[in-house]
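Please keep the sequence and the structure in view while reading.

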Amino acid sequence: MLQVTDNGANITLSGKARGQGDGVFWFAVALLAGALGVAIAMSLLPERLAIGALALLVIGSYMFNRLRNHQKDNQNHITSGLLKVQSGHFVHNHFGKTQHITVASNDTIEVVGTVLTITTVDGITKCQVSGFDSPKEAQVMQAILQGQKFGKRNANIKMQSS
């Protein structure tokens with residue numbers, strides 16, 4: 001849903017949040033099972049084998065943390081929530097979590113269908129926004145981010161409910 005305001009627009013994204021799993025949950029389950037195995041090994045096996053099992057658990061924990069941090073860094077795909085768009089930046093609110101994204105003057109803003117992509121001058125995707133109800137909403141967001149002004153009378157956009 002699009003609501004044009006005096007200084008920008010409020011857009012409610014209707015897309016569903018995509019699963020962020022990528023195997024991290026199952027890796028955590030395996031790590032937990034490994035911890036249980038190490039606890040059993042420490043009580044049943046000789047010291048050298050128990051220390052080796054503990055070392056494997058430590059390496060697994062390290063890999064899990066790296067995978068989880070890498071996944072957190074790559075969360076730049078917005079599919080649902082409320083966007084408050086103004087010239088040069090927007091604020092994404094989703095379940096009380098707020099994310100501020102600033103668009104630099106040399107960033108590229110591209111709309112393909114209902115997907116808006118913000119790319120840095122180096123070609124790195126800064127942010128990708130999908131979940132718009134129509135391509136027109138993505139185009140309005142692009143125009144506002146690029147500094148175009150919209151009056152409420154200019155935003156004659158018909159929304160269809162499905």
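## A salt bridge across the chain

With a relative accessibility of 12%, D107 counts as buried, where buried means under 20% relative accessible area, exposed over 50% and partly exposed in between, for a 1.4 Å probe and protein chains only. The model is a predicted one, in which local features need pLDDT of at least 70 and side-chain atom pairs count only at pLDDT 80 or more, while totals for chains, interfaces and linings use all residues. Residues are numbered from 1 along each chain as its sequence is written, and side-chain values use heavy atoms, with hydrogens and water left out.

D107 forms a salt bridge with K126, and the closest N and O atoms are 2.6 Å apart; the term stands for a side-chain nitrogen of Lys or Arg within 4 Å of a carboxyl oxygen of Asp or Glu. The two residues lie in distant parts of the chain, 19 residues apart, with K126 in strand 9 and D107 in the loop between strand 6 (97-102) and strand 7. Helices (H or I, at least four residues) and strands (E, at least two) are here DSSP runs, numbered from the N terminus. K126 counts as partly exposed because its relative accessibility is 29%. By this rule the count comes to 1 salt bridge. Side chains of opposite charge can pair when their charged atoms come close.

## Overall layout

The chain has 3 helices and 9 strands, which follow one another along the sequence as β-β-α-α-β-β-β-β-β-β-β-α. Of its 162 residues, 32% are buried. Taking contact to mean heavy atoms within 4.5 Å, 54% of the contacts between residues at least 6 apart in sequence join residues at least 24 apart.

Strands in the order 3-9-8-7 form an open sheet of 4 strands with mixed pairing, and two strands are taken to pair if DSSP finds at least two bridges between them. Strand 3 (77-78) and strand 7 (108-112) are the edge strands, each pairing on one side only. Strand 3 runs parallel to strand 9 over 2 bridges, and within this pairing I78 stands opposite V129. Helix 3 packs on the sheet, where it touches strand 7, strand 8 and strand 9, and its direction makes about 170° with that of strand 7; the axes are lines fitted to C-alpha atoms, for helices over the stretch in contact, and angles run from 0 to 180 degrees between N-to-C directions.

Helix 3 is mostly covered, with 8 of its 11 residues buried, among them E137, M141 and L145. After the helix comes G147, whose phi is positive, near 100°.

## The antiparallel strands

| Strands | Bridges | Facing residues | Residues between the strands | Residue with positive phi |
|---|---|---|---|---|
| Strand 4 and strand 5 | 5 bridges | L83 and H92 | 2 residues | G88, about 85° |

S80 lies in strand 4 and counts as buried, since its relative accessibility is 8%. The side chains of S80 and H94 are joined by a polar contact of 3.5 Å, a term that covers a pair of N or O atoms within 3.5 Å; within protein, one must be able to donate a hydrogen and the other to accept it, and residues adjacent in sequence count only if both atoms are side-chain atoms.

## The nonpolar cores

A nonpolar core is a set of buried Ala, Val, Leu, Ile, Met, Phe, Trp, Tyr and Cys residues joined through side-chain atoms within 4.5 Å. The largest one holds 22 residues, of which L83, F90, V129, F132 and M141 touch the most other members. Elements giving two or more residues to this core include strand 4 (80-86), strand 9 (125-129) and helix 3 (135-145), and the largest share, 5 residues, comes from helix 3. Apart from this core lies another, of 7 residues, including V24, L31, A41 and A53. V129, leaving aside its neighbours within four places in sequence, is in contact with L13, I78, L83, F90, T114, V115, L116 and M141.
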